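This report takes up helix packing, a surface patch and charge pairing in turn. Please keep the sequence and the model in view while reading.

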Amino acid sequence: MKNKFFRNTLILGIISVVCVAFPTFLISIDVLDAYLAQILSLAGINAIMALSVNIICGITGQLSLGQAGFMAIGAYSTIFFCQNAHIPLPVALVLAGIVTAFFGFLIGFPTLKLEGDYLAIVTLGFGEIIRVFLVNLKKWTGGPNGMDFETVMVYDPKMAFLVITSVLVVLIILIQNFIRSTYGRAILAVREDEIAANSTGISVFRYKMLGFVVASFVAGVGGALYISLIGFVKPDQASFTKSIDYLIFVVLGGMGSTTGSVLAAFVLTYLQEFLRFLQNYRMLFYPVVLILVMIFRPQGLLGTREVSFVKAWDKFLAFCSAKTKKVDGGKNA
């Protein structure tokens with residue numbers, strides 16, 4: 001059992017390092033230019049936001065339309081911690097996530113007793129409230145014109161990609177382990193059937209709150225990385241349309257699938273830039289793809305399944321072994 005755990009951890013560790021280090025190396029030798037590097041970094045941030053939405057919508061089973069508001073809180077919190085409190089960026093990133101999680105607790109406590117469309121409307125209203133506050137608090141947020149924020153990541157695409165993808169990999173590992181934990185299984189039980197979960201002693205409200213707070217923390221980290229990469233943020237970052245964009249990633253990838261949400265975020269972010277020659281018509285791509293997926297595969301591309309690199313590696317080894325035995329058998333014959 002220990003050997004199997006060590007083997008699986010080693011395989012996932014090697015794949016994680018390759019996914020982070022190899023593109024970073026290509027950026028450092030200019031095989032991938034700064035423009036493409038920034039697109040990949042932005043895709044990584046979108047993937048983090050997709051993880052946040054997937055936690056609350058796919059795993060917890062609640063419909064939230066205000067994740068962009070949490071992202072904006074994380075971005076502005078990072079500016080405050082770095083420029084006003086003079087806290088180093090890595091520490092500010094974690095603190096921004098904690099502050100956003102606190103706001104998630106504040107909004108979740110009175111609203112998570114609601115379900116379905118009612119919760120969606122409340123979280124939508126919360127996002128708009130955040131946007132209006134950010135517009136009017138000009139002294140702290142710069143008002144509708146937004147605020148600038150200069151970091152090394154703004155000018156160093158290699159550093160930006162390395163930091164963002166590393167954080168993304170760490171979040172994926174933590175979220176997957178969280179889902180497999182006792183708390184994660186309780187949240188999944190609440191998602192599947194609240195009445196049955198409650199009858200077995202699971203506190204429905206408590207685990208809904210836990211999922212909501214964790215999702216808020218991830219969104220805050222996404223906001224902190226966004227302002228560190230772009231170097232500018234406006235209150236419009238908390239708008240309803242931004243929340244819908246992140247929800248689309250999860251719907252297309254598959255509600256409840258971590259890997260599906262991440263893959264959809266990377267593919268759609270790149271396609272949006274690839275189709276830029278279509279000008280404003282490229283914005284029709286999202287709704288068309290969404291309609292087609294809802295018609296032909298309503299559960300999303302992966303559904304609730306996950307891409308298992310360990311199983312893929314085992315299948316590859318089995319295929320190589322079968323080929324080797326076939327060749328040896330032919331020679332012996």
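At roughly what angle do the axes of helix H8 and helix H11 cross, and within what distance do they come? The axes of H8 (residues 157-180) and H11 (residues 204-230) cross at roughly 175° and come within 11 Å.

The model is a predicted one, in which local features need pLDDT of at least 70 and side-chain atom pairs count only at pLDDT 80 or more, while totals for chains, interfaces and linings use all residues. Residues are numbered from 1 along each chain as its sequence is written, and side-chain values use heavy atoms, with hydrogens and water left out.

**Helix packing**

Two packed helices are described by the angle between their axes and the distance between the axes. Helices are DSSP runs (H or I, at least four residues) numbered from the N terminus, and axes are lines fitted to C-alpha atoms over the stretch in contact, with angles from 0 to 180 degrees between N-to-C directions.

| Helix pair | Angle | Axis distance |
|---|---|---|
| H8 and H11 | roughly 175° | within 11 Å |
| H3 and H12 | about 110° | 7 Å |

H8 and H11 are therefore roughly antiparallel (over 145 degrees). In their contact (heavy atoms within 4.5 Å), H8 residues including Ala160, Val167 and Phe178 meet H11 residues including Leu210, Val218 and Leu229. By class, this contact has 13 nonpolar, no polar and no charged residues, where Ala, Val, Leu, Ile, Met, Phe, Trp, Tyr, Cys and Pro count as nonpolar, Asp, Glu, Lys and Arg as charged, and the others as polar.

H3 (residues 67-84) and H12 (residues 240-253) are therefore roughly perpendicular (65 to 115 degrees). Gln67, Ala68 and Met71 of H3 make the contact with Lys242, Ser243 and Tyr246 of H12, and these residues divide into three nonpolar, two polar and one charged.

**Nonpolar patch and salt bridges**

A nonpolar surface patch of about 1200 Å² includes Tyr270, Phe277, Leu284 and Ile295; such patches join nonpolar side chains within 5 Å, from residues with over 30% relative accessible area and no salt bridge. Helix H14, where Ile295 is found, gives the largest share of the patch, five residues.

The whole structure holds three salt bridges (a side-chain nitrogen of Lys or Arg within 4 Å of a carboxyl oxygen of Asp or Glu). One of them joins Glu128 and Arg131 at 3.2 Å, N to O; these two are three residues apart in helix H5 (residues 116-136), so about one helical turn separates them.

How values were computed: Parallel < 35°, antiparallel > 145°, perpendicular 65-115°, else oblique. Patch = residues over 30% accessible without salt bridge, like charges linked within 9 Å, V, L, I, M, F, W, Y side chains within 5 Å. Areas by Shrake-Rupley, 256 points an atom, 1.4 Å probe, with all protein chains shown as cover.
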